[in-house]
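User: I am new to this structure and would like to learn how to read it feature by feature. Could you take me through it slowly?

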Amino acid sequence: MSLDSPPPAGPQVGSDEWVARQAHRREYLPSWLGSLERASERAGWWPKLAAAAAAAAVLPLLGLGQFQLQVGIDALVIALLAVGLNIVVGWAGLLDLGYVAFFGFGAYGYALVSSGQIGANGIHLPSYLSIALVMVAAAGLGLVVGWPSRRLIGDYLAIITLFFGEAFVEFTNNVAPRTLGGPNGIVSVDPIRLFGYTFTSNQSYYYLLVVVLVVTMGVLRLLDTSRTGRAWRAVREDPLAAASMTIPVNRVKLMAFAFGAAVAALAGTIFAVQQVSVFPTDFDTPILILVYAGLILGGAGSIAGACTGALVVMVIYDGLLRSPTESGYLFYGLILLTLLAKLRPWRRLALVLAATVALGYAVHAIAAAISDSAVAGGPHSTGWIASALRDWVVVPANATVAGNWGFVVLVCLLIALVQVSSPWRAILLPPTLYLASFVWETRLATEAAITRQLMIGAILIVMMNARPQGLLGSRRVEALT
Amino acid sequence: MSAAGPGGPPEAGPPAGPGHEGSPAPVLDLDRLSLSFGGLRALSELDLGVGEREIVSLIGPNGAGKSTVFNVITGVYQPSAGDVRFAGRSIAGLAPHRIARLGIGRTFQSLRLFLNMSVLENVMAATYGNTKAMPWESVLRLPRARREEREVRALAEDVLSFFGQRLAGYRWDQPAYSLSYANRRRLEIARALATSPRLLLLDEPAAGMNPAETHEVTELISRLRDERGISILVIEHDMHVVGSCSDRVVALDHGVKIAEGGFDQVAAHPAVVEAYLGRDPDALSDAG
């Protein structure tokens with residue numbers, strides 16, 4: 001902030017300038033994190049973007065396996081989607097729940113014009129042409145979808161676009177099975193060939209995605225600070241005021257739809273090519289939830305936030321939560337971190353941890369004394385966590401039913417925990433922690449497909465409480481009218 | 001109650017506007033304007049004119065239809081009957097953003113700033129309709145986009161500097177929500193000025209301000225006319241503001257014009273007194 005002309009009397013308590021400065025100061029993180037934040041604020045946007053791109057470029061050279069590389073590719077695709085969704089949701093403030101349909105449209109569009117699907121020999125347009133064609137067509141589709149819904153706001157728009165998204169999945173599943181392939185989708189899509197180079201390996205697609213993502217982010221950043229970006233945000237803030245300030249609200253909304261759709265279609269083309277095939281299920285609600293989770297976690301309205309949030313969500317969701325060991329680290333790590341951050345004073349923290357450990361050994365000893373089969377199963381975690389927990393957590397031989405009941409009781413205990421007051425909370429905490437570990441070792445660690453969605457939900461809830469504006473988003477106020 | 005006030009003959013033909021102070025050509029001309037919501041007549045056959053470089057105040061008790069007049073002029077509501085003419089052409093039925101582009105700027109009674117945008121962005125956003133750069137021009141920073149961005153920035157700094165220290169440079173990058181109430185009112189005026197208006201509609205610019213700030217608003221309104229040549233239609237409850245800056249005052253009650261003329265004339269008009277205070281009880285007892 002520049003201080004060219006400070007008011008003569010200096011800052012005064014109660015004057016709005018003082019309030020504004022304090023409000024600004026409070027938003028920084030404490031200690032060295034805050035100075036880091038301030039330093040990054042001073043640097044412009046493009047050095048940061050370049051640094052992030054360089055980091056992403058170096059990453060595969062550190063010896064990533066094929067699995068990690070695939071996680072990276074998926075994360076980059078979702079990041080590209082989130083950055084596009086940010087135009088519609090974060091800037092124009094339109095709750096578009098049909099966004100993934102544009103992603104699917106891009107993928108199917110490319111798969112139709114660059115494969116052997118249509119006709120005897122198929123259509124094999126050059127990549128640059130088909131990508132451009134698909135993006136323009138998706139923008140057109142965005143206008144078509146946006147036109148009837150241009151006067152709808154909030155919940156109404158959300159439900160209409162949700163229908164559109166579902167309709168797209170049904171459409172690809174059922175209409176023109178010879179062309180679209182029905183549930184079997186379209187297989188053997190042409191690889192992308194640009195400037196005489198054919199992208200074949202996963203590594204090449206990783207780099208292609210990094211370049212595309214960085215360029216898109218740069219373009220959107222330039223757009224954000226232009227008249228178009230200001231109009232989008234003005235429409236989000238107050239459509240009536242925007243109209244009274246010469247902004248054609250409907251046209252600006254449609255533009256946001258079209259731009260978002262084009263970015264989604266771009267992500268779709270690369271997605272289709274990279275996995276060589278497209279299926280209707282690739283474009284269903286789970287992807288939508290991941291994209292939204294990324295956008296919300298990172299902070300809607302911020303380009304860097306959308307990208308970072310999507311990468312974090314996807315690396316956790318796709319990379320870590322698939323293996324029981326790594327998801328175990330994440331699970332216990334999150335619990336410990338939350339306790340360390342929230343439980344005060346230290347005495348109480350130590351007491352709760354000690355009580356939890358003691359409770360575990362006591363329960364294990366009692367269960368073992370009653371029946372051997374009660375402790376016959378081992379923890380599902382692997383590695384050192386498993387050996388540390390072997391004599392602590394009770395895992396019966398047939399753990400499924402006990403684990404399911406444990407889960408129900410755990411949910412009840414968690415609800416009770418947020419309802420009761422302070423001393424009771426400390427008393428309730430050790431059994432809750434122990435039960436959480438029990439449920440994890442008996443059920444959750446084995447059901448990765450379900451657990452990872454629960455974990456993403458839990459992370460979002462924690463985030464919502466700790467930092468409602470998201471990782472990199474800026475605090476927003478709602479007009480009270 | 002008849003629509004005839006003492007100020008001007010309402011059925012006067014083409015120059016239906018001001019009948020005072022040398023009759024400048026009207027910038028804004030409401031011609032027998034009516035607006036109904038179902039059975040409720042919000043405005044009936046309202047004639048109102050604002051001349052070039054004229055400051056007209058619109059007064060009346062709560063619910064008299066003052067803000068409704070603004071909403072009809074700016075295209076938020078479509079008139080049920082009658083016409084709105086701006087600079088000689090009819091603007092009734094045009095979309096709000098088109099009317100704004102023709103040169104009518106406005107502020108809102110309940111502040112409607114773009115709260116989560118910076119002060120500077122609030123003002124710059126209001127130039128959208130008067131700039132032309134397409135998105136790709138902005139992205140590629142082509143000459144037209146760069147030139148427009150420079151001009152818009154200069155315009156924004158110009159209208160903000162109109163408020164002197166109040167909206168000084170260090171505030172430009174702060175979000176609008178961090179401003180005080182009075183500064184939000186100022187920013188609304190600055191934002192309306194950025195649309196380069198010929199006519200400015202101010203909806204209670206002094207509401208919620210202390211006496212010193214109210215005095216400042218009064219001066220501001222006169223300066224807008226004197227330095228920028230803008231015609232102004234202002235709704236205001238504060239009679240100090242109305243009395244000291246208006247060329248002409250129009251009083252409204254139940255959507256009907258009850259008086260028009262100079263401030264002293266209108267303020268003493270029995271219909272206006274009755275609208276604000278009710279009928280004199282002594283007069284009532286005399287009558288009864």
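This is a predicted model: local features need pLDDT of at least 70, side-chain atom pairs count only at pLDDT 80 or more; totals for chains, interfaces and linings use all residues.

User: What kind of pairing joins β4 and β5 of chain B, and over how many bridges?

Analyst: In general, the strands of a sheet pair through backbone hydrogen bonds, and they do so either parallel or antiparallel. Here strand β4 of chain B, residues 81-86, pairs with β5(B) in the antiparallel sense, over 2 bridges. The two belong to an open sheet of 4 strands, whose order is β2-β1-β4-β5 in chain B and whose pairing is antiparallel. At the edges of that sheet are β2 (40-51) and β5 (89-90) of chain B, each of which pairs on one side only.

User: Which helix packs on this sheet, and which strands does the helix touch?

Analyst: Helix α1 of chain B, residues 66-73, packs on the sheet and touches β1 (26-37), β2 and β4 of chain B, with a direction that makes about 70 degrees with that of β2(B).

User: What is the strand order in the sheet of 6 strands in chain B, and what is the sense of its pairing?

Analyst: That sheet is open too, with the order β6-β7-β8-β3-β9-β10 in chain B, and its pairing is mixed. Its edges are taken by β6 (104-106) and β10 (256-261) of chain B, each with a single partner strand, so one side of each has no neighbour in the sheet. From one strand to the next, the twist averages 20 degrees. Helix α1(B) packs on this sheet as well, where it touches β3 (55-59), β6, β7 (199-203), β8 (231-235) and β9 of chain B, and its direction makes about 145 degrees with that of β7(B).

User: Turning to chain A, how should I read the packing of α3 and α9?

Analyst: A packed pair of helices can be read from the angle between the helices, the distance between their axes, and the residues that meet. Helix α3 of chain A (residues 45-58) and helix α9 of chain A (residues 202-224) pack at about 170 degrees with their axes 10 Å apart, which makes α3(A) roughly antiparallel to α9(A). From α3(A), A:Trp45, A:Leu49, A:Ala53, A:Ala56 and A:Ala57 meet A:Val210, A:Val214, A:Met217, A:Gly218 and A:Arg221 of α9(A). By kind, the residues of this contact are 8 nonpolar, 1 polar and 1 charged.

User: At what angle do α13 and α14 of chain A cross, and what is the handedness of the crossing?

Analyst: The axes of α13(A), residues 285-298, and α14(A), residues 303-320, come within 7 Å and cross at roughly 125 degrees, and the two helices are therefore oblique to each other. Their crossing is right-handed. Among the residues making the contact are A:Leu290 and A:Gly294 of α13(A), together with A:Ala306 and A:Tyr317 of α14(A). The contact comprises 12 nonpolar, 5 polar and no charged residues.

User: Finally, how many residues of each chain are in contact with the other, and which helix of chain B gives the most?

Analyst: In chain B, 40 residues are in contact with 34 residues of chain A. Helices α2 (96-102), α3 (119-125), α4 (135-140) and α6 (181-193) of chain B each supply at least two residues to that side, and α2(B) gives the most, with 4 residues. This side of chain B divides into 19 nonpolar, 15 polar and 6 charged residues.

Definitions and conventions
Residues are numbered from 1 along each chain as its sequence is written. Chains are lettered from A and ligands numbered from 1 in the order in which they are written. Axes are lines fitted to C-alpha atoms, for helices over the stretch in contact, and angles run from 0 to 180 degrees between N-to-C directions. Angles under 35 degrees count as roughly parallel, over 145 as roughly antiparallel, 65 to 115 as roughly perpendicular and the rest as oblique. A crossing is left-handed if the near helix is turned anticlockwise from the far one by less than a right angle, and right-handed if clockwise. Two residues are in contact if their C-beta atoms, placed from the backbone, lie within 7 Å. Ala, Val, Leu, Ile, Met, Phe, Trp, Tyr, Cys and Pro count as nonpolar, Asp, Glu, Lys and Arg as charged, and the others, Gly among them, as polar. Two strands pair if DSSP finds at least two bridges between them.
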